[in-house]
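Have the viewer open as you read.

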Amino acid sequence: MSARERELIGVDDRVSVGRAIPLGIQHMMSMFGSTVLVPVLTGLDPNVAIMCSGIGTICYLLVTGNKIPSYLGSSFAFISPILAVGATRGLAAAMSGVIVAGLVFLAVAGIIKLVGTGWLDRLLPPVLVASVMVVIGVGLSATAAEMAFTTTAADGTVAFSGVGAVVAAVTLLAAVVFSSMGGIIGTVPVLLAIIVGYVISLALGLVDFAPVAEAAWVGLPHVSMPVFDPGAIALVAPVAVVVVIEHIGHLLAVGEIVGKDYRPMLPRSLAGDGISTCISGFLGGPPTTTYAENIGVMSVTRVYSTQIFWYAAAFALVVGGFCPKLAALIQSIPSPVMGGVSLLLFGLIASNGLRMLVSNRVDFDVNRNLMIASVVIILGVGMETSGISIPIGDYTLPGMATSTLVGILLNLILPQAPADASAENSATGEGKD
């Protein structure tokens with residue numbers, strides 16, 4: 001059975017426990033590296049972050065009525081403000097900002113619930129949504145390439161790693177081969193590719209087992225309580241507005257991949273993310289957000305069942321909350337291995353954006369479509385891959401959010417072709433006597 005003919009497991013479908021376990025582990029492994037990196041950079045406890053990702057995902061699934069397949073991991077958007085507050089007021093104070101950021105999510109969800117989501121169709125036409133999907137995927141390409149091909153020397157310099165490149169290439173090739181196969185192998189290509197890459201890394205001496213040997217089999221993470229600080233809240237909480245834009249982009253990407261319209265469920269989705277972020281702040285973890293890595297896994301496996309995300313969340317809860325040795329074992333996976341699979345996962349997100357352009361028959365002979373797509377993609381990808389963010393006071397606006405806002409403005413101000421306007425009026429029932 002080819003990948004094209006491979007069984008599609010829908011959002012509401014269920015699989016046996018024997019199949020659900022490896023599928024859940026695959027999702028947990030895909031989010032693990034990025035979820036751990038945020039606390040490592042900010043000084044928070046990585047195990048708490050893993051545990052909170054599991055708790056947060058469970059909350060998200062409950063709030064969304066088990067209808068949206070998404071995994072919530074650590075948000076990168078909050079790294080700078082958490083570092084700033086942590087250096088001056090302490091990480092406990094920063095957690096108060098995280099909690100209020102979650103409340104901002106809930107407030108936005110409430111507002112959208114009141115005003116409805118009809119405005120999304122006007123602000124985010126298919127050409128813009130598809131372009132943002134390309135930005136999400138290609139914008140992460142630099143991160144994947146750095147993990148796959150570079151290494152950091154003892155003096156802090158970053159250089160090309162030939163050995164790492166070989167490991168990444170083998171891992172990527174394994175993922176591509178496994179994804180083209182039928183049966184259960186075709187549904188867990190990422191997990192199998194990571195195993196292949198890990199074995200190769202072991203043979204090449206790239207795995208450090210010292211942290212694994214030192215970690216306990218059973219233990220609790222270092223949960224810490226927040227200290228409410230108005231200054232910290234003012235610095236951290238407003239970043240949630242930027243993450244809302246990213247959240248909408250991810251939600252629309254998930255909808256496009258699984259073939260469902262999740263726009264009406266945006267309030268619930270934002271509320272789930274908000275509750276997850278609040279809980280994480282109370283436990284001493286980073287803010288959470290939906291993860292592109294797991295969107296990529298769904299794209300390559302064609303397994304969309306929310307049941308699998310329950311398993312992934314449960315595994316993360318156990319690994320982060322009660323078994324430090326397993327957490328250390330997963331963290332021992334070398335970066336080139338995760339870089340290899342990420343090259344495929346992020347590329348698939350971008351490819352789904354291109355597919356959306358085709359399936360919606362976006363006409364690039366229409367100048368406004370050409371302008372919107374060109375500006376959004378180049379601006380977003382350029383900023384994301386070069387690490388450029390626009391400073392706004394104490395905050396920064398990353399590439400994806402910037403390009404989305406610019407695309408919305410272009411969509412509103414560029415004149416619409418008469419044929420497009422007629423089609424839109426016909427679709428909405430306007431223009432009739």
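Are α6 and α17 roughly parallel or roughly antiparallel to each other?

## Helix α17 and its partners

α6 and α17 are roughly antiparallel to each other, a label used for angles over 145 degrees, with under 35 counting as roughly parallel, 65 to 115 as roughly perpendicular and the rest as oblique. A word on the ground rules: this is a predicted model, where local features need pLDDT of at least 70 and side-chain atom pairs count only at pLDDT 80 or more, while totals for chains, interfaces and linings use all residues. Residues are numbered from 1 along each chain as its sequence is written, and side-chain values use heavy atoms, leaving out hydrogens and water. Helices (H or I, at least four residues) and strands (E, at least two) are DSSP runs, numbered from the N terminus.

Back to the pair: helix α6 (residues 126-139) packs on α17 at an angle of about 165°, and their axes are 7 Å apart. Here the axes are lines fitted to C-alpha atoms, for helices over the stretch in contact, and angles run from 0 to 180 degrees between N-to-C directions. The crossing of α6 with α17 is left-handed, meaning the near helix is turned anticlockwise from the far one by less than a right angle (clockwise would be right-handed). On the α6 side, the contact (heavy atoms within 4.5 Å) includes Pro-126, Val-127, Met-133 and Val-138. On the α17 side, it includes Phe-346, Ile-349, Asn-352 and Leu-357. By class, the contact of α6 with α17 has 14 nonpolar, three polar and no charged residues. For this tally Ala, Val, Leu, Ile, Met, Phe, Trp, Tyr, Cys and Pro count as nonpolar, Asp, Glu, Lys and Arg as charged, and the others, Gly among them, as polar.

Helix α7 (residues 141-149) also packs on helix α17 (residues 335-359), at about 150° with the axes 7 Å apart. That angle makes α7 roughly antiparallel to α17, and their crossing is left-handed. The contact of α7 with α17 divides into nine nonpolar, four polar and no charged residues. Among those that meet are Ala-144, Met-147 and Phe-149 in α7, and Pro-336, Met-338, Leu-343 and Phe-346 in α17.

## A parallel pair: α1 and α3

Now for helix α1 (residues 17-42) and helix α3 (residues 79-88), whose axes come within 9 Å and cross at roughly 30°. That makes α1 roughly parallel to α3, and the crossing is right-handed. Val-38, Leu-41 and Thr-42 of α1 meet Ile-79, Ile-82 and Leu-83 of α3. These residues split into five nonpolar, one polar and no charged.

## The nonpolar core

The largest nonpolar core has 103 residues. Such a core is a set of buried Ala, Val, Leu, Ile, Met, Phe, Trp, Tyr and Cys residues joined through side-chain atoms within 4.5 Å. Helix α12 (residues 239-258) gives the most to this core, with eleven residues. Val-258 is among the residues with the most contacts inside the core, and so are Phe-32 and Tyr-262. Skipping neighbours within four places in sequence, Val-258 is in contact with Val-11, Pro-69, Met-298 and Tyr-304.

## Buried spots in helices

Gly-274 sits in helix α13 (residues 266-283) and is buried, with a relative accessible area of 0%. Buried means under 20%, exposed over 50%, and partly exposed in between (1.4 Å probe, protein chains only). Not counting residues up to four places away in sequence, Gly-274 touches Gly-102, Phe-105 and Leu-106.

Met-51, in helix α2, counts as buried at 8% relative accessibility. Its C-alpha atom is separated by 7.2 Å from that of Val-319, which is 268 residues away along the chain. Leaving out residues up to four places away, the contacts of Met-51 include Pro-221, Leu-283 and Ala-316. Thr-402 of helix α19 (residues 399-413) is buried too, at 6% relative accessibility.

## Two loop residues with positive phi

Which loop holds Asn-66? Asn-66 is in the one between α2 (46-63) and β1 (72-74), has phi near 60° and counts as buried at 18% relative accessibility. Arg-302, in the loop between α14 (292-301) and α15 (306-322), also has phi near 60°, a positive value in a residue other than glycine. At 25% relative accessibility, Arg-302 counts as partly exposed.
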